[in-house]
Amino acid sequence: MIKLVALVPLFPIIGFLLLGLFGKKWSKSLASIVGSGAIFASFVVAVGIFIELLGADAAHKTATFSLFEWIDAGKFSVAISFLIDPLSSLFILIITGIGFLIHLYSAGYMHDDEGHNKFFSYLNLFIFFMLLLVLGSNYVMMFVGWEGVGLCSYLLIGFWFKNTNYNNAAKKAFVMNRIGDLGFLLGIVLIFITFGSVDYATVFEQATHFTSGETVITTITILLFIGAMGKSAQLPLFTWLPDAMAGPTPVSALIHAATMVTAGIYMIARSNILFTLAPVTLEIVAITGLATALFAATIGLAQNDIKKVLAYSTVSQLGLMFLALGVGAYTSGVFHVMTHAFFKALLFLGAGSVIHAMSGEQDIRFMGGLKKHLPITFLTFLIGTMAIAGVPPFAGFFSKDEILAHVFEHNKIMWLLGILTSMMTAFYMFRLFFLVFSGQFRGTKEQAHHLHESPKSMTIPLIVLAVLSVLGGFLGLPETFHAKHLLEGFLEPVFEASEVRMLPNHLTHLTEWALMGVAVITMIIVVLVARSKYVKNNEVPVPESTTLKPAHKLVYNKYFVDEFYNAIFVKPINWLSQKFHSIFELQFIDGIVNGMGSLVVWTGRNLRYAQTGNVGFYIFAMVLSVVLILLVNYLR
Amino acid sequence: MKSLILLSGLGVLTLLSEIFNFKRKIFPVVLLGLLGTIVLSAMYWNTNKHYFNDMMFFDNYAVAFTCLISFIAFAWFLLSQNYFNEETNLTDHFALILFALVGAVIMVSYQNMSMLFLGIETLSLSLYVLAGSRKNDLHSNEAALKYFLMGAFATGFLLFGIALIYGVTGSFNLQTIANYITLNSGNIPALFYTGVLLMMVGMAFKISAAPFHFWAPDVYQGSPLVITAFMATIVKTAAFAAFFRLFFTCFSTIESVWGNIIFVMAILTLAVGNITATYQESVKRMLAYSSIAHAGYMLLAILAMNKFSAGSILFYTAAYSVASITAFTVLSIIINKSNNEAIDAFNGLGKRNPFLAFAMTVAMLSLAGIPPMAGFFGKYYLFNAALQSGQTTIVLVAVLASLVGVYYYFKAIIAMYFKSGSDSSPVEVSFIHKLLLVLTLVLIFAMGLMSDFVIRLL
Amino acid sequence: MSTIQAIPLNWYILLSAVLFVIGVLGVLYRRNAIIIFMSVELMLNAVNLLLTAFSSYRGDSAGQVFVFFIMAVAAAEVAVGLAILIVIYRNTNSTDINFLNKLKW
Amino acid sequence: MMIKYIFYFLAFVSVFSALMVVVSKNPVHCVLYLIMCFFSIAGHYVLLNAQFLAAVHVIVYAGAIMVLFLFVIMLLNLNTQSEPHKSTWLKFAAAITSGLLLVILVGTLKGSETMVMPVGNPNAGLIKNLGNTLFKDFLLPFEVSSILFLVAMVGAVMLGKKEIK
């Protein structure tokens with residue numbers, strides 16, 4: 001099966017070509033069958049590769065397949081070749097597997113959209129580029145995939161392009177990613193200058209000869225990390241991701257939660273040896289990740305748009321993954337990528353199902369009590385929420401716990417902040433969950449009338465993902481359970497070179513149990529607070545504009561505890577959350593990004609007046625330049 | 001050489017067709033002739049023939065560029081096919097274009113300054129006339145006069161440079177001049193360097209490098225669209241090939257004289273071209289600025305001046321010309337339809353004709369240098385060539401400039417896919433244009449995939 | 001005694017430089033397109049003089065042959081240039097280059 | 001000695017008439033001064049032992065090109081009144097710029113006194129030698145210039161002829 005690796009990206013591109021060329025004349029069902037079928041075919045091959053790798057002994061876990069020399073200019077040569085190793089095989093499994101489920105889901109979700117067939121062709125193209133990104137055996141191919149997924153994401157965010165907001169979101173995503181891409185590109189150039197090659201095998205082999213902390217490696221890794229910051233929405237380049245929610249929900253699930261945004265993590269995990277050799281960069285990665293996690297979680301506390309909450313939570317979880325990479329826990333980072341792909345895709349698809357049922361309404365203040373109407377969505381969403389909040393034994397618990405354990409080893413204060421982040425995560429996720437599913441329905445009569453469970457093509461992916469969210473964690477049981485960490489064993493060959501340079505695990509079993517205990521107990525407290533606030537007290541966030549009359553009269557039970565809690569925690573946090581969102585995110589970061597663009601355009605606007613249209617002036621400029629050139633020559 | 005004779009013969013034949021009344025049939029004849037030119041010149045691959053006392057030298061560089069120019073001309077004739085249906089002066093146009101091609105072919109294969117001068121003039125004179133060929137259109141008039149005045153003026157500098165170089169070396173032959181430099185290094189009179197720089201000014205004008213670029217936006221905008229397409233592709237390719245040939249054979253050993261100046265010129269060109277393009281409303285004018293910007297990238301090859309330069313220049317000009325032809329084809333269809341060359345005319349094209357929109361998108365992406373289109377590899381090879389010569393600063397500037405470039409190329413894409421225009425009627429595309437677009441699209445992708453092959457030619 | 005012995009080559013170079021710059025001055029100084037053409041002709045003549053001087057002092061006729069080509073081109077250029085000018089004059093009734101400002105920015 | 005004075009005289013005439021071309025208000029005067037300038041340049045050619053070139057020069061420039069100029073000026077009826085002028089400031093700037101160009105050009109031309117000239121054929125400018133060079137070495141450019149003329153002809157006719165409606 002491994003030899004067939006070229007088939008994995010081949011199917012989606014064929015799918016894209018078929019849909020792009022003939023899709024217009026096809027019926028919607030045919031288009032969705034071709035689109036999903038292409039991904040399913042890839043998935044089958046990916047599973048085959050995965051199984052074969054599982055069985056292979058350590059020496060045969062890495063294989064490279066060259067198709068042909070692509071670029072050959074002097075010393076610089078790039079081959080189109082695929083690298084299969086545990087890391088890439090895991091990623092292609094996630095991409096094709098979840099990709100297939102989301103294609104299936106889209107068949108239902110986009111059924112009434114006129115751009116249905118076009119949508120599938122874009123999705124296939126996206127999968128193709130994403131596979132190229134993870135399968136390439138050198139940085140140039142990764143860059144090609146990197147640009148390609150950016151393009152598709154851009155196309156898909158702006159898919160409903162009639163709305164200018166969507167447009168602006170697409171543009172913002174584009175600009176921010178460009179900043180990151182520049183870093184990545186410069187990083188590749190520097191890698192080529194330093195190592196004389198862009199091939200992973202050569203680069204990593206040569207890198208082992210460098211000593212830790214050398215400036216050139218630090219520079220390379222920082223540049224690569226800038227690229228990762230753009231694509232994986234880290235501080236300060238994260239603001240495009242919440243805006244990107246303007247696209248259709250399956251897109252949010254596939255691109256902006258499960259796959260594309262984790263490309264940055266893949267890149268760092270792939271280049272782990274370089275990062276291990278640059279402790280300074282690792283520290284920067286850890287701090288950036290932690291700051292992003294904390295920051296996004298804070299904003300998530302006060303969002304009212306169901307997709308925005310999930311978006312900020314994605315940013316926050318991505319921050320957590322970077323934190324893991326930053327403390328050198330590469331396996332844990334990848335583990336969390338996997339579990340996160342399961343439960344975040346599930347949550348987004350669940351949200352899509354809710355939005356579908358609510359006829360497009362996304363504001364959670366107008367939902368509530370959907371438990372009765374959407375039983376399957378309710379159950380699966382509950383599982384997803386518990387998984388992300390870290391309820392044992394759901395998937396998120398194990399991966400998050402593993403990360404936090406490594407962070408504890410690294411730095412206690414970081415661990416404390418990490419726990420704070422996961423508390424906030426649990427809070428806003430359960431707040432979301434309670435506001436949507438419990439209590440009374442707060443929408444209009446018309447919406448209430450239309451409430452319905454989604455069709456099978458949408459619920460089946462939900463169920464599959466829910467099962468994965470429950471079981472996914474068992475791939476990486478902590479040592480304390482005296483079980484084998486399956487994933488660690490599998491990924492061993494990829495991170496081998498880094499691990500010998502890292503400190504071994506110091507934590508005793510007792511400490512590990514204690515850490516887990518703290519995490520679980522704080523989580524339970526937070527969930528209970530959320531429950532009392534939103535279920536018992538039926539609290540609903542205040543509408544932004546007073547003209548909007550709340551559907552239900554708000555009932556406040558005047559407990560002293562509540563008052564106290566409100567004054568000490570809720571108000572400051574809400575205030576902070578609002579301010580972070582409005583001042584820091586919208587004004588500061590967006591301001592800088594937009595400012596750069598405006599500066600260029602402004603210069604363009606003024607520079608063009610140099611083109612006066614007057615021939616006399618042109619000739620003057622020419623003669624003056626000639627004089628200058630000759631003068632320079634004379635003085636030389 | 002045979003290709004040159006064939007092209008001249010074709011030009012004369014088109015003139016005769018007016019007299020003997022077979023001008024309806026001349027279009028296919030010209031197309032066939034151009035294909036013949038490609039074949040004839042390709043046959044001379046690896047022969048390295050010198051002609052007429054070393055007036056011309058058909059090395060592989062010349063052969064490759066002759067093929068490229070003839071091919072672009074072929075594509076250009078397909079593009080302009082329906083433009084000429086309305087023109088009364090069909091044969092005059094054809095003859096002038098063919099004679100301009102003769103000039104272009106001379107410019108890529110000359111080995112003597114006199115041939116360079118005559119090639120440039122043959123090309124330019126035809127274009128002065130063609131730029132002004134819409135006699136009742138003030139814009140076209142203005143473009144012609146501006147082009148003519150400044151072109152003649154720049155020729156003056158070029159000639160003064162040639163005269164000075166002749167005075168010092170006693171020859172117009174490139175090889176003799178190069179030999180003179182190596183033999184007398186260290187005791188060359190200052191006159192010679194002045195001559196080199198004045199020639200550089202003349203050539204910089206032809207490739208529209210800043211600060212000698214001022215004519216380009218106005219002339220490109222004012223000329224009839226198909227002529228603009230011709231100027232942006234064939235003229236630019238030929239002028240650049242001539243520039244490079246001159247500096248590579250003659251002056252590569254005295255880089256200390258012109259290196260810094262071209263360095264500054266390249267930065268200025270990149271900045272002016274890319275930044276000014278961001279604010280343009282007219283797509284035609286935007287493409288003019290973009291062509292200035294591309295001249296800036298091409299200057300990197302001259303700065304690099306190593307064994308990779310020739311190949312990267314060939315690839316870059318090819319990628320740039322093919323993408324430009326695509327863009328101009330779409331633009332001409334749009335202008336035909338809506339009589340509006342502003343960017344708004346593209347609004348909603350994604351709906352009105354997805355194929356056209358796709359073609360335009362690919363062209364824009366290629367011009368912007370997004371992988372896996374040909375334009376990306378063009379930039380890549382250029383940057384690589386410059387890096388091999390240690391020109392890191394200019395590569396950094398070029399990368400930054402290309403980021404700005406992405407902005408304005410995407411303006412067109414945004415207009416097509418994310419905006420809806422007042423006119424939503426579908427756009428018709430003639431069969432020939434469809435054929436041309438398919439051909440260029442395939443090329444853009446194929447060149448990306450087989451960049452290796454092209455680059456190894458030279 | 002021939003010219004070559006009597007007059008240093010430098011004088012000719014200087015003279016043609018002066019004529020060339022006067023031509024440039026004319027292009028910068030005037031607004032009438034016809035006079036600008038004439039100034040360009042002046043520049044070309046300066047080049048011709050320079051080439052002829054070099055050619056004579058070197059005893060090499062190639063330089064003078066090149067002068068023929070320059071003359072040929074100058075004649076062709078004038079024909080085309082004046083044709084363009086007449087077309088413009090028909091439309092605007094002027095040969096003032098400052099009126100050429102429709103295309104800008 | 002005589003030759004030196006002839007050179008001075010011719011140089012003075014050519015520079016003076018060239019300057020007058022630039023500053024004369026009446027376009028017709030400009031043309032006449034230019035013709036004068038061309039004659040003085042022809043004189044230089046004779047001085048340089050390039051008699052054939054001098055003859056061709058007079059025929060082509062004074063005989064053809066300048067007549068064409070005069071013809072166009074008469075045709076368009078340009079005179080002092082219709083002559084546009086740049087503002088004084090611009091004229092000043094033009095003078096300064098050209099002055100700079102002259103200074104810098106002459107600056108780089110200096111030092112060429114030491115240039116060693118090989119002793120070639122003193123009769124290089126005679127018709128026989130010119131013809132040999134033109135039709136042996138420079139045959140191809142000669143042929144190409146015929147294409148150039150064809151271009152100029154076709155172009156001028158195309159622009160000049162009335163549009164057929």
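Two residues are in contact if their C-beta atoms, placed from the backbone, lie within 7 Å. This is a predicted model, in which local features need pLDDT of at least 70 and side-chain atom pairs count only at pLDDT 80 or more, while totals for chains, interfaces and linings use all residues. Residues are numbered from 1 along each chain as its sequence is written, and chains are lettered from A and ligands numbered from 1 in the order in which they are written.

**A helix pair in chain A**

- Helix 13 (residues 279-300) and helix 18 (residues 412-437) of chain A pack at an angle of about 30°, with their axes 9 Å apart; helices are DSSP runs of H or I with at least four residues, numbered from the N terminus, and axes are lines fitted to C-alpha atoms over the stretch in contact, with angles running from 0 to 180 degrees between N-to-C directions.
- Helix 13 and helix 18 of chain A are therefore roughly parallel to each other, a term for angles under 35 degrees.
- Residues of helix 13 of chain A, including Leu290(A) and Ala293(A), meet residues of helix 18 of chain A, among them Leu417(A) and Thr421(A).
- By class, this contact of helix 13 with helix 18 of chain A has 10 nonpolar, 5 polar and no charged residues, where Ala, Val, Leu, Ile, Met, Phe, Trp, Tyr, Cys and Pro count as nonpolar, Asp, Glu, Lys and Arg as charged, and the others, Gly among them, as polar.

**Chains B and C**

- The contact takes 32 residues from chain C and 32 residues from chain B.
- On the side of chain C that touches chain B, helix 4 of chain C gives the largest share, 14 residues.
- The residues of that side of chain C divide into 23 nonpolar, 4 polar and 5 charged.

Notes
Helices (H or I, at least four residues) and strands (E, at least two) are DSSP runs, numbered from the N terminus. Angles under 35 degrees count as roughly parallel, over 145 as roughly antiparallel, 65 to 115 as roughly perpendicular and the rest as oblique.
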